[in-house]
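Colleague: Could you take one part of this model and look at it closely, setting out how each term you use is defined?

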Amino acid sequence: MGADHTRPAPSTPPRVRRILVATVVPLVLATVVATLLLWPWNASEPAGGSDVPRYHGTVTRVVSEPCPPAPEGAPGTGAPGVCGTVGVRVEDGPAAGQQVEAPIPDGPGAPTVTVGDEIILVELTDPADPSASSWNIAEHQRGKPLMWLAVVFAAAIVAFGRWRGVAALAGLAASFAILLSFVLPGISAGRPPLLVAVVGAALIMFVVLYLTHGVTAQTSVAVLGTLGSLVLTGVLGTIATAATHLTGFGSEDATTLSMFQADVDLHGLLLAGIIIGSLGVLDDVTVTQAATVTELAHANPGLSRLQLYRAATRVGRAHIASTVNTIVLAYAGASLPLLLLLTADSRGAAQILTSEFLAQEIVRSAVATLGLIAAVPLTTALAALVTTAGRGGAADRDATPTAPTHPAPTARPEPDRAEALEALSAGRHGRALDPDPPLAAHPGRPEPDRRTDSAW
């Protein structure tokens with residue numbers, strides 16, 4: 001998360017370190033206490049009694065045949081289906097090693113199977129006759145391809161980032177652990193989604209940033225900038241969703257969730273999604289801004305606090321200009337099927353833009369961008385303040401640093417006119433000049449047998 005900045009930062013004065021510790025440590029303790037208070041201690045496990053058993057299998061043969069004609073006037077007679085049977089060898093469960101038959105999957109989104117495919121089987125029991133059962137193919141097994149993709153992903157990060165890449169992978173694992181063990185169960189248990197999201201995002205931020213970038217003053221500045229921007233994003237999101245009267249029912253997933261868990265606050269869930277989605281971009285910007293100020297101060301220690309702020313802000317503007325497009329395209333890519341569905345809508349453009357779904361995505365993108373823009377001046381100002389602390393009074397003024405003074409060059413000695421004329425006249429009268437005079441006659445030159453290459 002964020003850029004890799006391996007140059008060791010200049011040491012921070014002890015007084016500044018004490019101030020950062022006195023600021024960050026209470027925030028960490030408050031986050032831990034809030035996590036314990038919001039932790040879903042009594043969350044009930046999801047009931048698994050009604051789940052259909054799923055077994056692994058391997059396709060051994062596929063026999064396709066023409067489908068029988070559908071009755072005239074029956075729905076779906078326009079498109080011919082695929083009929084036939086699939087032979088499958090069951091790999092686990094009570095029927096392990098047995099050959100079973102299943103119909104060829106058909107319908108929208110049905111998997112296309114061939115011999116040798118590894119698939120997931122479900123066994124359906126007839127409620128009227130429990131002794132009668134049938135097998136159906138649910139989907140392909142994706143465990144091995146995903147595992148190899150994860151191995152390549154981790155190997156590439158470690159090969160490029162080395163120990164910093166290992167730390168980044170550990171931070172990624174910590175992020176998923178916090179999401180799966182605290183944020184999602186807390187929201188499912190009926191805790192306030194916005195509060196759970198802010199506390200979970202702060203917990204992820206503390207763990208990931210310090211684990212990936214080290215416990216330094218530069219990281220602490222990025223932490224404070226990220227936390228302040230997250231709080232601002234939550235406030236802006238609350239105001240924007242209330243002003244636009246968003247309910248959180250703007251997607252089919254939210255509607256389905258409300259059917260299974262009626263006590264989940266979908267409006268708060270929308271705000272929680274904005275907070276969690278903003279965190280990944282915010283920490284990238286804040287770490288980059290803190291590192292930019294540190295590098296500028298290291299390259300030119302004479303820059304004043306205001307000059308550091310202005311120079312780093314120019315870098316931040318370029319970063320924000322590209323990141324805004326990233327946020328919008330990320331949300332658009334995740335919602336592409338629904339966007340295509342809206343383009344086929346017969347309503348006018350104004351009605352489509354103000355619909356619940358599209359208004360929700362507009363608010364999500366706008367609020368995340370506003371929080372991102374606020375992170376640049378906030379983090380840059382904190383970094384400039386910490387970097388220039390403890391210098392002297394001159395560095396904190398806004399005067400242009402004076403150019404370094406160099407000693408005046410010494411005057412080149414004038415050549416001896418008589419010696420030059422004598423040398424020229426000797427060559428004109430035919431006196432042979434020694435093309436290779438003894439090197440010993442010229443003080444300061446190396447001896448004939450000595451190497452002139454510089455030693456490494």
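Modeller: V122 is buried, with a relative accessible area of 12%, where buried means under 20%, exposed over 50% and partly exposed in between, computed with a 1.4 Å probe on protein chains only. The model is a predicted one, in which local features need pLDDT of at least 70 and side-chain atom pairs count only at pLDDT 80 or more, while totals for chains, interfaces and linings use all residues. Residues are numbered from 1 along each chain as its sequence is written, and side-chain values use heavy atoms, with hydrogens and water left out.

V122 is found in strand β4 (residues 118-125); strands (E, at least two residues) and helices (H or I, at least four) are DSSP runs numbered from the N terminus. Setting aside neighbours within four places in sequence, V122 is in contact (heavy atoms within 4.5 Å) with V52, P53, R54, S134, W135, N136 and A138. From V122 to H56 the C-alpha to C-alpha distance is 9.0 Å, although 66 residues separate them in sequence.

Turning to the aromatic rings, Phe, Tyr and Trp (its six-membered ring) pair if their centres lie within 6.5 Å, with planes under 30 degrees apart counted as stacked, over 60 as edge-to-face and the rest as tilted. By this rule there are three aromatic pairs. The rings of W39 and F182 have centres 5.6 Å apart and planes at 20 degrees, so this pair is stacked. Because W39 lies in the loop between α1 (14-38) and β1 (54-65) and F182 in helix α3 (residues 163-188), the pair ties together parts that are 143 residues apart in sequence. W39 is partly exposed, at 25% relative accessibility, whereas F182 is buried at 0%. Ring pairs link W39, W41 and F182 into a cluster.
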